[in-house]
Amino acid sequence: DDIGLVYDYDTYVQNYPWLLDEYGDDPEAVMEYFCDEGMYENHKGNAFFCPSDILLHNTYLEEILGTDWQNYYWEFLTYGHEDGWLINMGYTYKPEVWSLM
């Protein structure tokens, strides 16, 4: 799956530099951490997508997606990007491709 809409390695390690101490310069391991732990902890994986910002601007989503932050990432990847969640917030960007193996 392409997670480039919610994740960029360089931005992520800049926001969470301790990951470099834990995983070294291993982009695949850092991306795996983001998917396994960071999403649950509402980490900002790139310069634009933050689940708590999405919820703040789309309060109806809490009833649909609950309080599990990971749901917001996957819902955005599946529907939210096409539905214009970020555009409605004034954000536009061209994501890089980061694929899960």
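A residue is called buried when its relative accessible area is under 20%, exposed when the area is over 50%, and partly exposed in between, with a 1.4 Å probe and protein chains only. By this rule, buried residues make up 43% of the 101 residues in the protein chain.

The model is predicted: local features need pLDDT of at least 70 and side-chain atom pairs count only at pLDDT 80 or more, while totals for chains, interfaces and linings use all residues. Residues are numbered from 1 along each chain as its sequence is written, and side-chain values use heavy atoms, with hydrogens and water left out.

**Elements and core**

The protein chain has seven helices and zero strands. Helices (H or I, at least four residues) and strands (E, at least two) are DSSP runs, numbered from the N terminus.

A nonpolar core is a set of buried Ala, Val, Leu, Ile, Met, Phe, Trp, Tyr and Cys residues joined through side-chain atoms within 4.5 Å. The largest one holds 27 residues, of which Ile3, Val6, Tyr7, Tyr12 and Phe34 touch the most other members. At least two residues of this core come from each of α1 (9-15), α3, α4 (51-57), α5 (61-65), α6 (69-80) and α7 (85-88). The largest share, five residues, is given by α3.

Val6 lies in the segment before α1. Val6 counts as buried because its relative accessibility is 0%. Gly45, in the loop between α3 and α4, is also buried, because its relative accessible area is 0%. Each of these residues has a partner listed here by C-alpha to C-alpha distance.

| Pair | Apart in sequence | Apart in space |
|---|---|---|
| Val6 and Phe49 | 43 residues | 5.6 Å |
| Gly45 and Phe34 | 11 residues | 7.4 Å |

**Asn42**

Asn42 is placed in the loop between α3 and α4. Its relative accessibility is 19%, so Asn42 counts as buried. Most residues other than glycine have a negative phi. Asn42 is not a glycine, yet has a positive phi of about 65 degrees.

**Surface charge**

Asp25, Asp26, Glu28, Glu32, Asp36, Glu37 and Glu41 form a negative surface patch. Patches are made of residues with over 30% relative accessible area and no salt bridge, with like charges joined within 9 Å and nonpolar side chains (Val, Leu, Ile, Met, Phe, Trp, Tyr) within 5 Å. A salt bridge is a side-chain nitrogen of Lys or Arg within 4 Å of a carboxyl oxygen of Asp or Glu.

Asp25 counts as exposed because its relative accessibility is 64%.

Methods
Accessible areas come from the Shrake-Rupley method with a 1.4 Å probe; for residues, only the protein chains shown count as cover. Lys and Arg count as positive and Asp and Glu as negative; His and the chain ends are not counted. The place of a charge is taken as NZ of Lys, CZ of Arg, CG of Asp or CD of Glu.
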